[in-house]
Amino acid sequence: MRLVSHGGGGAWPGGVRGLPPGPLGGSKSMFGDGSYSGNVMQGGSVLQPVAGVLTITAAATIAPDAVTGAAVLCCDTLVLDGASAALAPSTNSKGLVIYAQTRIQLLNGATCHINALGQAGNFGNLTALDLTPASIRRTLKKGLADVYAVQGEGAAGAAGAVTYADGNTGSAAAAMQTGGGGSGGVNSNGSSASGPGGKGGPCCGGAGSAACVSNFGAYSAPAAGDYGGPGQNAYADDNRIATGGGSGDPVGTGLYGGLSGGGAGGGLLMLIAPVIAIASGCVVSADGAPGVVGSNTYQTGAGGAGGGCVVLVASAGGYSNAGTVRASGGAASTGASHKNGGAGGAGSVNTFTI
Amino acid sequence: MILLHHPEVELSRELLATLPEGCGCVDWTSAVQREEYAALAASGNGPPPSAFPSVIVDVPAYAEDRPLFGAQGEFLGMALVTVPAHQEALRLPASWDAVASFNASVAERTRLRPAVPAG
């Protein structure tokens, strides 16, 4: 009997180099085989493609994979259309990774984001392949998804503030890095200090440190955790002053009417398609959560979390952006009657063509 | 003033297109320009950016009230202290008019609450 080789080319109609076609008739490529991973939820049900085109028109989510911890989508063509169209992970995750064999397109004010949805952890340098479940990994041709690695260590967090001062802004990210966390404001009668913000991780911008209120001697509030969290709990020895908890994963809690942190740092977002087209008014983002204050009359604010990391990989000439791609650090808390926290440092936006 | 610009951000492109005369610009995607600005920031003369676009503005010194507390936390009153001149990063200003409005606001604050004379 003659053995049939799948490696010789032409054995499978529609395939490339003899590789079997995907369920939609596609073939393995560096952008996947075009088959739909079946995991986009919109309006309470699984969204289905029509003629290979997966069209999102409202809030839609992807649950993180149980093994890799990342929300990963594979499809032929992804279109986000309209101001209500917003695609994000369903919860904090190690990343949002989208492979499309033909194109990813954002139209009419659509958004795709992993804002304040990063996952804290020291996971080392990570590639898209590290985050991709085996079922999708099998559809990928080698040579792309394992190339572009986000750095395991993000930018440094901000120094803590001393005595009676606003918090500081976290460091901005270098290429393929997340931003550092901001530090909380401090309202002290002596030499007390808020803790420093945390450095970013590969999957989450750095955590912001909490606000610190200390009128009794010198108190050094704890540092926010590195690699995205945790944000620390607020410290206040004066129960008149609402004191915010640091943003991070998990968030720190507030005190005396101060709010708990606003969420985590920006996450890791990777779009991998031969054509990525972003229209004016559309946004792809990995923003960190803002710093928070509280509802009391007397307030001291906490630090914001760092921005995440956005990686876009397209074919040469296939990338166009008339809109916005960003990884902003979380905004500083504002409006505190005493001192505000600092903002998270900007994350990084990285574009590659192959 | 310095515009910290990122070409991937629509608002940043709009601000760059209408850059006021005399305003500098740092393109954050240029490693050389980014490192030059980072050196400034490290010396305390440029706040690190939190988002793009940001506009770095000079804030003149002004006087600020600061609460004073006793050893047991009792409120003793307010002290007047000087906040030294420094730079701030205006995050995501909607327009150059918004930047001008901020500059006018801090100038007016300094006029109304000038720095406390030393000594």
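Me: A residue is buried if 20 or more other C-beta atoms lie within 10 Å of its own. What makes A:Gly182 buried?

Reply: In this predicted model, A:Gly182 has 48 other C-beta atoms within 10 Å. The cut-off is 20 or more, so A:Gly182 counts as buried. A:Gly182 lies in the loop between strand 9 (164–165) and strand 10 (186–188) of chain A.

Me: Which residues make up the covered face of strand 4 of chain A, and which the uncovered one?

Reply: In strand 4 (residues 59–62), A:Ala60 and A:Ile62 form the covered face, while A:Ala59 and A:Thr61 form the uncovered one. In a regular strand the side chains alternate between the two faces of the sheet.

Me: Why are strand 1 and strand 4 of chain A said to pair?

Reply: Pairing needs at least two bridges. Strand 1 (residues 40–42) and strand 4 are joined by 3 bridges, so they pair, and they run antiparallel. A:Gln42 stands opposite A:Ala60.

Me: What makes strand 4 and strand 6 of chain A a pair?

Reply: Strand 6 (residues 86–89) is joined to strand 4 by 4 bridges, and the rule asks for at least two, so they pair; these two run parallel. Here A:Thr61 stands opposite A:Ala88.

Me: How does the radius of gyration of chain B compare with that of a compact globule of 119 residues?

Reply: Such a globule would have a value near 14 Å, but chain B has 18 Å. The C-alpha atoms of chain B fill a box of roughly 50 × 25 × 25 Å along the principal axes. Of its 119 residues, 21% count as buried.

Methods. Residues are numbered from 1 along each chain as its sequence is written. Chains are lettered from A and ligands numbered from 1 in the order in which they are written. This is a predicted model: local features need pLDDT of at least 70, side-chain atom pairs count only at pLDDT 80 or more; totals for chains, interfaces and linings use all residues. The radius of gyration is taken over C-alpha atoms; the globule rule is 2.2 Å times the number of residues to the power 0.38. A residue is buried if 20 or more other C-beta atoms lie within 10 Å of its own, exposed if 12 or fewer, and partly exposed in between; C-beta atoms are placed from the backbone.
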